[in-house]
Every structure is written in C-alpha cells, then in structure tokens.
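Colleague: I'm new to this one. Can you put it up and walk me through it?

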Amino acid sequence: MMVLHRERKGIEHARFADLKEFLREDDLLVLNNSRVLRARHFSDDGKFEFLFLEKIAPRHWKALVRPSRKFRKRGATFIRGTCAEAGAMFPDGSHQVVLSQDVDLQQGGAMPLPPYIKRSPAIQGRYSEEDKARYQTVYAKDDGSLAAPTAGLHFTPDILRILPHVFITLHVGTGTFRPVKTGDITKHKMHPEGFSISAAAAEAVGKAGRVVAVGSTTVRALESIQRRFGKIQATEGSTDIFIYPAFQFRAVDVVLTNFHLPCSTLIMLVSAFAGREFILRAYEEAVRERYRFFSYGDCMLIL
C-alpha cells in the first residue's frame, strides 16, 4: 500500500494490513457492497464474447460483443443452447441481442473481468472458480455491478472487523471504465449508475470525524448525495457525476483506491483529490518500486 500525504506532498510505503495505523479513532470507512453479476458469456463455438449490460425488453438485451463486426456480419450465434441474434447497434457501441427464449444471462456466466486480464474460452474454466472468489469483495451483498469495486478487494473479514465502517451501494457500470477520448474532458459523459444509502449509514457518515471512501465508486456516490441535498442523507437514485480537477470535495476526506489506467475517469478523480502533479509523481514511484497496477493490484491511501 502506497500512502500519500497531501499536505506535505510526502510518499510512504506500507502494507495494507497496517491500514489501521494511518487512521484516526473518529475515522469511518465507507464501502460499496455491490455484488458483481456473472454476466460474461461465450458463444457455444467460442468465437464471440458477450457482456450482458441490461435487459431492455423480453428476450431483448443490451450487450457488449467481441468481435463486434464479425457478430453483426454473421447475424446470430448460440449461447448455452439459446440462439442469440444481432439486433441494432446503440450509439455507445453496444449491441441489441435478441434471444430465442427468455433467459437471464446476467447470471450463470463468468465474472466480467477487465479486458486487460486475458482469459480465452479455452482456459476460462481453469480460472473461473478462482475469479468468482477473487473478483468479488468479501462483503458483497446486492447484485448489480458489471465490474468489481476493486479497492474493496483488499479487505478480509479480520481487517474489516477492527475498523469502524458502513456500507453503501453503487452498481458499477461499464461507463466508469470507459477511457476519456475527447480533447476537452468537460465534454466526456458518464453513464448513470444506480446507488442507495440507508438511514443508519447516512447518520454514521454525518457523525464521523473523517470520511474514508473505499474506492472511486464510493467517492462518486457520497459526493453526489452531498451536492443533491447539502448533506449525507438516506436516499436512492442514480448519478452520472464526473470528477476531475478542480472539483471541490465536500463529503470525502480520505480515499483508498487502486492504481488506474491512463486516460481513465478514475485517474482523473484521484488527480482531483490529490493534485495531478503529485499523482503523476506517485505513479512514477510506484513503477520504480514495482507496485502491481489495476484490478488485482496494490492500493493507494490518500490522506
């Protein structure tokens, strides 16, 4: 775990097991307990990969497909014995997929690992049981995410037991991880993601000395609520908030996060929180010190 001290621009190296040593007695961890859907499927012939994003009508789904052009050209394939036909394309590059029977393909598949983790259909079975456990937080509860809130993957029940904490829910969509491709970042649009926070969690956050947000999804949920109501209160809804420099944080005091891909909305969020130059310097040191990056990698505590 890399520890960043924002005020003095200092960098410290530690272990995640020592997290408690860097926290105050009145700190409260806020964690996202969304559970990842097993919505990744391969065609029966192994030639296509699908990530089912949402059901838009009976037998009709919105899905990401790879390779996209070949699927459109072929027009149909089979998934677990069910015919899947190529429908219209959506503006975000996803497909309408029409099934021959009404089955729930957001369940029973493989974990929707990030594309930089290569798992071909031939070796998927070898890793599937391990990924089911590793790509899910130990406190995951409410089904709905298409990607794991990966900052939470570091926690074990024993570590969580000794730290004051509450849970909120934000269902992670693919928009969180889409790269920013516009020259003017203010024109980048985030896809809405559903969230909820209970009355008990909101009350605990309001009484905390410092709010320690575990992961960018928790940051986005809390900052959205704070802006909507002027305080943290029980609510549910959706947010498309995009956090980038010079965003003014009103709800979050400390952030625990992983190391992120360049040009991602995630690295822009941490740059807004700690300062772009400081984050770039920290990433350079992380490379020198051989930190592991991305979903299954190491973490950064920004104080």
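Colleague: How many aromatic pairs does a search of the whole structure find?

Modeller: The search finds 15 aromatic pairs. Rings of Phe, Tyr and Trp (its six-membered ring) pair if their centres lie within 6.5 Å; planes under 30 degrees apart count as stacked, over 60 as edge-to-face and the rest as tilted. Take phenylalanine 52 and tryptophan 61: their ring centres are 5.7 Å apart and their planes are at 85 degrees, so that pair is edge-to-face.

Colleague: Are those two buried or exposed?

Modeller: Phenylalanine 52 and tryptophan 61 are both buried. Buried means under 20% relative accessible area, exposed over 50%, partly exposed in between (1.4 Å probe, protein chains only).

Colleague: What should I know about the model itself?

Modeller: This is a predicted model, where local features need pLDDT of at least 70, side-chain atom pairs count only at pLDDT 80 or more, and totals for chains, interfaces and linings use all residues. Residues are numbered from 1 along each chain as its sequence is written, and side-chain values use heavy atoms, with hydrogens and water left out.

Colleague: Back to rings. Which residues form one aromatic cluster?

Modeller: Phe48, Phe50, Phe52, Trp61 and Phe71 do. Elsewhere, phenylalanine 247 and phenylalanine 249 make an edge-to-face pair, 4.9 Å centre to centre with 75 degrees between the planes. Phenylalanine 247 is buried at 15% relative accessible area, while phenylalanine 249 is partly exposed at 21%.

Colleague: Where does the charged end of lysine 62 sit?

Modeller: Over the ring of phenylalanine 90, 5.2 Å from its centre. Arginine 134 has its charged end over the ring of tyrosine 296, 4.9 Å from the centre. The test is NZ of Lys or CZ of Arg within 6 Å of the ring centre and within 35 degrees of the ring normal.

Colleague: Now strands. How do S6 and S7 pair?

Modeller: S6 (residues 49-57) and S7 (residues 60-66) pair in the antiparallel sense over seven bridges. Two strands pair if DSSP finds at least two bridges between them. S6 and S7 form a hairpin with two residues between them, and arginine 59 in the turn has a positive phi of about 70 degrees. Alanine 57 stands opposite histidine 60.

Colleague: Which strand do four bridges join to S7?

Modeller: S10 (residues 95-99), running antiparallel to S7. There, alanine 63 stands opposite histidine 95.

Colleague: On to helices. Which residues of H4 are buried?

Modeller: Ala201, Ala202 and Val205, in a helix covering residues 199-207. Down the axis, they fall within an arc of 100 degrees, so they line one face. That arc is taken from the directions from the helix axis to the C-beta atoms.

Colleague: What do they pack against?

Modeller: Strands S3, S12, S13 and S14. Contact means heavy atoms within 4.5 Å. The face turned away carries the exposed Ala199, Ala200, Gly206 and Lys207.

Colleague: How many residues does the largest nonpolar core have?

Modeller: It has 53, and Ile279 and Met300 have the most contacts inside it. Helix H6 (residues 265-274) gives the largest share, seven residues. A core is a set of buried Ala, Val, Leu, Ile, Met, Phe, Trp, Tyr and Cys residues joined through side-chain atoms within 4.5 Å.
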